[in-house]
Amino acid sequence: MILARRVAARGAAVLVLMTVLTLPLFAISTGAAQEPPVFELPDVVVPGRRPQPRSATPASVSVVTAAELARLGVRTVGEALAYLPEVYVRGFGGPGALQEISIRGTASAHTLVLLDGVPLNSPAQGLAQLQTIPIDLVERIEVLRGPFSAIYGSGALGGVVNIVTRRAPGTAARAGVGTQGTAHATLAVGWRRERASLRLDAVHDRSQGFRANSDYAGSTLAGRLTFDLDAGRTFSLGLSHFAADQGVPGSTAFPSPLARQLTGRTVVDARWRLDGSAARTLRAWGLVDDITFTDAAFALTTRTRATALGLEGQAVWSRTPAHVLTAGWEVQRHAVDMRSSSPFGSSTLLQDAWVGALYVASDRALGPATLLSTGLRFDLHSVYGSQLNPRLGLVRQLDDRTTLRAAVGRTFRGPSFLLLFFPGCSNPALVPERAWAADVGVERTLAPQLVGRVVAWATAATDLIRSGCPPVNVDRASITGASAELEGRLAPGLAVRAHVTATNGRDATGAPLIRVPAWSAAATLHWTVRPDATLSLLAVYADARADLDFSTFPATPVVLPAYTVLGLRYTVTTPAGTWQVGVDNLLDVAYEPVHGFPAPGRTVFVSYGTRF
């Protein structure tokens, strides 16, 4: 706690000082232009809300490409994130069950999830359901961890997950079956005519489940229409709809044999890009999130519809070859309509709110090997007021193989509608949860295609919301940690992504944060056994961690044992298509990521995909 407070206090002072010193530079051209450092890694969007080289940003970023996702053989975004450093994914069961993400020990609601830039976090609960996003739609996943998420506003206290969907037109199909009655099918079609292109995707997944009332059936329809206009202008219109029907078995302490859930989510976004003296973009988007929960055993029905509409603009100026300035604005309207009925009565929640935001970010090369990045964002919410969040980052290329990164920033997460206004158990006076965070890391090229990274971080959070009746802003937490990562090729034909993460999360009393393992690790090894075949080994480890047993009142603290889960994949590519055979939970380990919610045992699947 003391270390985290010192880091946060010093970081805040340095950030404010550097922001004040660098703001005047925004309007001054340097006499001799200096080029920013040049690196050979793929561009990412999340660090500065614009495409930029991954290694030229102070942010801690991981990128998972479509090729790696295919080798992993996973079905959802949540499953793919489990192999990234400083990320822990908690599943509440098999296919279709809730998947929570924790970045650097923060809560699941502290991660902002974007689908092609559209925020998926529901205004009702503040969460995004990672299990509802099928991998078949994904071109790449970008994960931003820590203080550099300050420029993204509410929900990004721990980090940001940006999911970029496939755009290139083409025709492809994939299908697969597995144990426990699992099956999936995907079809993609598309065409290109001169300056216009269209892509349509359809995905369906189903499972009989591994527990009573844990069956699942979900489908996604998505489309993207793109026009390349004259003078460097483009227009893109995207639409996706997800729908699922599933059993909700509940905790093993309180099973729910008749509980069902219908989930629906529709996302639409339109984006215009205009080139000129600045790269300007204008985006309009909408989100409708529906959840209907029923339990015939208790004659209970709850329907929650959360909607969000957004309009935003952004401009990027290359003021000099050594200075890039990004500025933007956002306007959003959030609304929640919740209706619940039971033999004990009924309740209704109808609320809405407006959000406005301004942000600016500057990336300036101070020399041939040094880059300074500053940012500032102001948010105004019609319910809980205003927030001002700065960030500061530095990249220093120590030599041709070693890069130093450091960042500090202030982030926040606003209370959800259910916390503010839930009938009979809410608190309209709640204020946002806030945190100062800092990190420092070193990246070194160990071989031509192998990179090692070591990162240390500290987070000091205040005004955390303690759930209850009513919820209150009384909790504090300090989180410190470090990770070591290896990514690339160990040898020709042998690719690796592996990490070990240590996390020390404590609340104000010194007790460990629940559901946060002190140690976690993951590894993926892909061995090209011959030119057309790859054998992959997947491994995830989570140390013992604190949890709560809600079968007692008050809830009793428990400690869940550590677990290691292994998986295998064998992928063969032929001229006709690609076959993949996989085994999950190879050793049939019995474990609970969350107390009372067991994970599936050993499962086997086979799939086939082709392009035509």
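**Salt bridges, ring pairs and hairpins in a predicted model**

Let's start with charges. The salt bridges come to 35, counting a side-chain nitrogen of Lys or Arg within 4 Å of a carboxyl oxygen of Asp or Glu. Before I go on, a note on the source: this is a predicted model, where local features need pLDDT of at least 70, side-chain atom pairs count only at pLDDT 80 or more, and totals for chains, interfaces and linings use all residues. Residues are numbered from 1 along each chain as its sequence is written, and side-chain values use heavy atoms, with hydrogens and water left out.

Take Glu487. Which residue does Glu487 meet with closest N and O atoms 2.8 Å apart? Arg453. Glu487 lies in strand S25 (residues 472-491) and Arg453 in strand S24 (residues 450-466), so this pair ties together parts 34 residues apart in sequence. Strands here are DSSP runs of E with at least two residues, helices are runs of H or I with at least four, and both are numbered from the N terminus.

Glu487 has a second contact. Its side chain also meets Arg497 in a salt bridge, 3.4 Å from N to O. That pair links distant parts of the chain, with Arg497 in strand S26 (residues 494-507) and Glu487 in S25, ten residues apart.

Now burial. The cut-offs are under 20% relative accessible area for buried, over 50% for exposed, and partly exposed in between, with a 1.4 Å probe and protein chains only. Glu487 is buried at 16%. Arg497 is buried too, at 3%. Arg453 is also buried. Now the wider picture. Glu68, Arg405, Glu443, Arg453, Glu485, Glu487 and Arg497 are linked in a network of salt bridges.

One more salt bridge. Asp475 pairs with Arg466, the closest N and O atoms being 2.6 Å apart. Is Arg466 buried or partly exposed? Partly exposed, at 45% relative accessibility.

On to aromatics. A pair of aromatic rings is described by the distance of the centres and the angle of the planes. Here rings of Phe, Tyr and Trp (its six-membered ring) pair if their centres lie within 6.5 Å; planes under 30 degrees apart are stacked, over 60 edge-to-face, and the rest tilted. The count comes to six aromatic pairs. In one, Phe417 and Phe421 have ring centres 6.1 Å apart and planes at 40°, so the pair is tilted. Both sit in helix H4 (residues 417-421), four residues apart, which separates them by about one helical turn. Phe417 is buried at 5% relative accessibility. Phe421 is buried at 17%.

Next pair. The rings of Tyr563 and Tyr591 have centres 4.3 Å apart and planes at 25°, so they are stacked. Tyr563 is in strand S31 (residues 563-573) and Tyr591 in the loop between strand S32 (578-584) and strand S33 (603-611), so the pair ties together parts 28 residues apart in sequence. Tyr563 is buried, with a relative accessible area of 6%. Tyr591 is buried as well, at 18%.

Which residues do ring pairs link into a cluster? Phe227, Phe235 and Trp272.

There is also a charge over a ring. The charged end of Arg391 sits over Phe148, 3.9 Å from the ring centre. The rule asks for NZ of Lys or CZ of Arg within 6 Å of the ring centre and within 35 degrees of the ring normal.

Now strand pairing, where DSSP must find at least two bridges between two strands. Strand S11 (residues 182-193) and strand S12 (residues 196-207) run antiparallel, joined by eleven bridges. They form a hairpin with two residues between them, and Glu194 in the turn has a positive phi of about 50°. Val189 has Leu200 in S12 as its bridge partner. S12 also pairs antiparallel with strand S13 (residues 216-228), over twelve bridges. There, Leu200 is partnered by Gly223 in S13.

A second hairpin. S29 and S30 have six residues between them. S29 pairs antiparallel with strand S30 (residues 556-560) over five bridges. Asp547 has Val558 in S30 as its bridge partner. Four of the five residues of S29 (residues 545-549) are buried, so S29 is largely enclosed by the rest of the structure.

Last stop, the surface. Trp272 comes back here. A nonpolar surface patch of about 920 Å² is made by ten residues, among them Trp272, Trp329, Leu358 and Phe378. Strands S18 (323-342), S19 (345-367) and S20 (370-381) each supply at least two of the patch residues. Leu358 lies in S19. Leu358 is exposed, with a relative accessible area of 53%.

Notes. Patches are made of residues with over 30% relative accessible area and no salt bridge: like charges are joined within 9 Å, nonpolar side chains (Val, Leu, Ile, Met, Phe, Trp, Tyr) within 5 Å. Accessible areas come from the Shrake-Rupley method with a 1.4 Å probe; for residues, only the protein chains shown count as cover.
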